[in-house]
Amino acid sequence: MPELLRMTVDGLPLSAFVDPGRTLLRVLRDDLGRTGTKEGCDDSECGACMVLVDGQPVNSCSYLALQAAGREITTVEGLAGADGLHPLQRAFLEGGGIQCGFCTPGMLISALALLQADPDPSEEFIRDGLAGNLCRCTGYQPIIQAVLHAAAEMRAGDGVPATGSSGGG
Amino acid sequence: MQARPIRIADLVSPRIAAAHILDQDDEEAEAPVTENDQQPPADLPAPTPPWIRADGQAKATGQARYTADLAFPGLAHARLLLAGRAHARIVSLDTTRARSLPGVLAILTQDDVPEHRYGSFGYVLDRTLFARDVVRFEGEVVAAVAALTPEQAAAGVAAIEVEYEDLPPILDVEAALRPGSPLVHPAIDTYGHDPNLEPAGNLAGRSTIVKGDAAAAIAAAPIVVRERYVADMAHPVPIEPHAVTADWSGDRVTVFSSTQVPFAARSRTAEVLEIPEHRVRVVVSHLGGGFGGKCDFHFEGHVAALARAARRPVRLVLTRHEEFIAPDKVTHGMVVDVETGLDADGTILARKARILLDCGAYASDTPVLGQIAAMMIAGPYRIPAVDIEALSIYTNRTPSGSVRAPTGPQACWAVEQHHDVLAARVGLDPVAFRRLNLVHDGDEGPTRQRHEGDGAHQTLEAAVDRIQQGEPLGPGESIGIAAGWWFSAPGPSGAFVRIESDGSGRIVTGAQENGTGAVMALPILAAEELGMRPEDFAITYQDTDTGPYDGGSSGSQTTFNNGRAVIEAAREVKRQLLELAAVALEANVADLELRDGHAGVVGSPDRRVSIAELATTAHGGALLLARGSGMPPDAPEHDASACVGRLGFESFAAPTFFCHAVRIRLDPATGIVRTTKVITATDVGRVLNAPGALGQMTGGVVMALGNATLEGTVFGADGLQRNASLLDYKLLTTADAPEIEAIFIENPASNGGPRGSKGVGEPPIVPTAAAIANAITAATGVRVRRLPMTPERVWRAITTGDDGAAEANAPFGPSETALAELAGAGTGRR
């Protein structure tokens, strides 16, 4: 029997009737039209479906939608604020961190999560924090450097602070 | 000496990778620029400004819609029934029960579509849309279901009743060649095929590269070395799985497909449905990577037929498991027997080789890739006598095909190890051996094409010089190098350029953007011609109804071919603009130029008119609109009269030369190889877009590292893939990515692409595994002749001396018991 699910997605209260076996990814993409979050493997291996649930990164392909009841979900679509792109998005764009772009939504969310855990991360910390996100295009280096770059910009205070579940900005 | 360094530190952020460009008269590599070099030397040009790809913002914000994201009212969902067995006869196929299930709208089998055999490029017409009587690999499509929900489609597939009679799978390429072997295609003699091929038995195609009398030269050579190298099948693994949605309107169908080759997909869809091409429109939304795996025609025909039967739009999205087994584009399993005759001083006298390519159940484009493999085994070396044969052999595996630089990485891995073995045999170091034998400007290639430039040597010297500048080697550390070449792919391609009424520009092209940025960079070329900025142009692309023909994002050809078309169209628009400007400025066309968005009189800064004003005038009369479709540059002159199986690669057009140097750390107790640094030195003819070229280098190298040490398909004796998931088939992650430095050498090609450029997307994946293999030998003294060079295989070579190549006579892939080690070990995730 479907149950009523209420949650906040990128700052917006949303609801849907959801079968208990349905994943958060399916609900976001198919029921709520939030297709920014991607499905690459349905196996928690590629990270393309990464979202924040109350600030914690999860693979939404392997997270039951009803577990998200009452929680705040942040997807890639919530990153940019009214005043423009999040520093991570800008750094990815300017630093060659985006080629085909299919891994980008999950990669950005994992990057956001690791910067919330450590605003001044070492390269090693970034490498570990992004190790659950596969990218086949860039060779990772541009992405790692973009995260370092964005972190520095955010610490300098001339960027939008990472605000987590309510989205950037 | 004029160096043209590209300051990556300025383009992006520091230390992503250092890259620099050398002009052809440079003698050695400049030190790469690092974050510490804040100011460019005064005598050098200003840094290239950052290049932001036009599709980047949509991709960064989640707005970019990929095929599976597209919404349609009344959308139905497709699921394929795949064989699930390598080789079997279909005794009965009953869809009655499945058709009665709730939500099921349509079910198709081969009985429901035209009985039409097709094949890539018409090489061998060995395939039907759905299996007819026999399944020949585990991912073969037996039936397709459309239903209201994905769950109902899956239930429909599960309810289809198929009775199979299993047949022994044909998995050993050598045994498949022997007389009396069971056949993958018993009716092969009745199949249509390319006139240059003679498919017979289990042989789909045979190509040779022959020059001189190699057998006699080897018989007379003072030193002869013969070796065998074996590579396993691997996968392209785009992060976006294949997706197709078909939507009919009357007798026309629009197919939204994650294809790299929209025009080929359109042709084949029309062919299998037996309708005219103009009634099929193929549109690519954003494409989530391809790496060759989305070349060719895959599921567009199935979904279009399903949508017609279901009378509503139908979407198919492959699961990751299906993505591993069903699309007929995997990296070839390969056996290379190579024999080289040397003079006592190390000069190569002759080479014979036989390459066995496992093409899987259907020929796909493997026959031409065999010809490419033969050219790769010859390599950019001075070899007076060559006799190389490539055989494309049917087995009951997922069909192979044009994955990024198809056959290149495996062939280079084999032959560049062979070269290190030859060097050691005559007491030369690997660099000296290559200095002695690599081609120089004017030397002749394996089919007597004349090489242009000294790119082979310049890239060798640049890579070697740079890797030697690193810290002294520590325990377990070593260095390896590998050189090679790859072709550019001249072909027909078209584009329109137009100026809108406000003076902004638009490029309309049939080219496909697979992620590399090649299409996104086309405005750079148009802007240069028209005195505008790249950001002044919008791009309409990857839609067969709007853009002129293009061959797709295969063969590193987008910039090479479509770039020429865009330049030609832009030059015609320039002519149109200057004619209007000549009237407006009362000047001669010959005295005018386009600069900074204006047409003006050369040398008279005040006499000018903006392109925007001219555009306003234009729409009152003549249109500012032009097409471009430059004739492809000629292939180099060559002599292939002694070669058979000639399918177009008898010479390598505008070849890219390269050398990679790697630094590794090897743990002999576990066999784990960790690559810590990779230098790529590449003669790309001309760098047109430095960030784009660099992105190909870093991405290609990391993909190559995966192919080198981790990625290989494991098969059971039943012919089924045992690691067809990302849980068991590991890719490199951020934790493994090494430091990469890219060096670009510029020797513009006379028969090249725009500004003498050459292909850049495929070369970076070719020599890395070979360089790592040579580094493994440098560290251990043993050779691993089996790809991928997994920890188990490296460890076994160290502890037992078994180089792995003897496994060639068994089915490809290690024993199933090795699976756990393969999945758990390696340089995988921490």
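Modeller: Chain A is assigned domain 1 (3-78) and domain 2 (87-157), with bounds that come from an automatic or database domain assignment. This is a predicted model, in which local features need pLDDT of at least 70, side-chain atom pairs count only at pLDDT 80 or more, and totals for chains, interfaces and linings use all residues. Residues are numbered from 1 along each chain as its sequence is written, and chains are lettered from A and ligands numbered from 1 in the order in which they are written.

Between the C-alpha centres of domain 1 of chain A and domain 2 of chain A there are 21 Å. The contact involves 14 residues of domain 1 of chain A and 13 residues of domain 2 of chain A; two residues are in contact if their C-beta atoms, placed from the backbone, lie within 7 Å. On the side of domain 1 of chain A that touches domain 2 of chain A, strand β3 (residues 50-53) of chain A gives the most, with three residues. Helices (H or I, at least four residues) and strands (E, at least two) are DSSP runs, numbered from the N terminus.

As for the whole, chain A has five helices and five strands. Their order from the N terminus is β-β-α-β-β-β-α-α-α-α. Along its principal axes, the C-alpha trace of chain A spans about 50 × 30 × 25 Å. Of the 169 residues in chain A, 64% are buried, that is, 20 or more other C-beta atoms lie within 10 Å of the residue's own, with C-beta atoms placed from the backbone.

Key: Buried ≥ 20, exposed ≤ 12 C-beta atoms within 10 Å, placed from the backbone.
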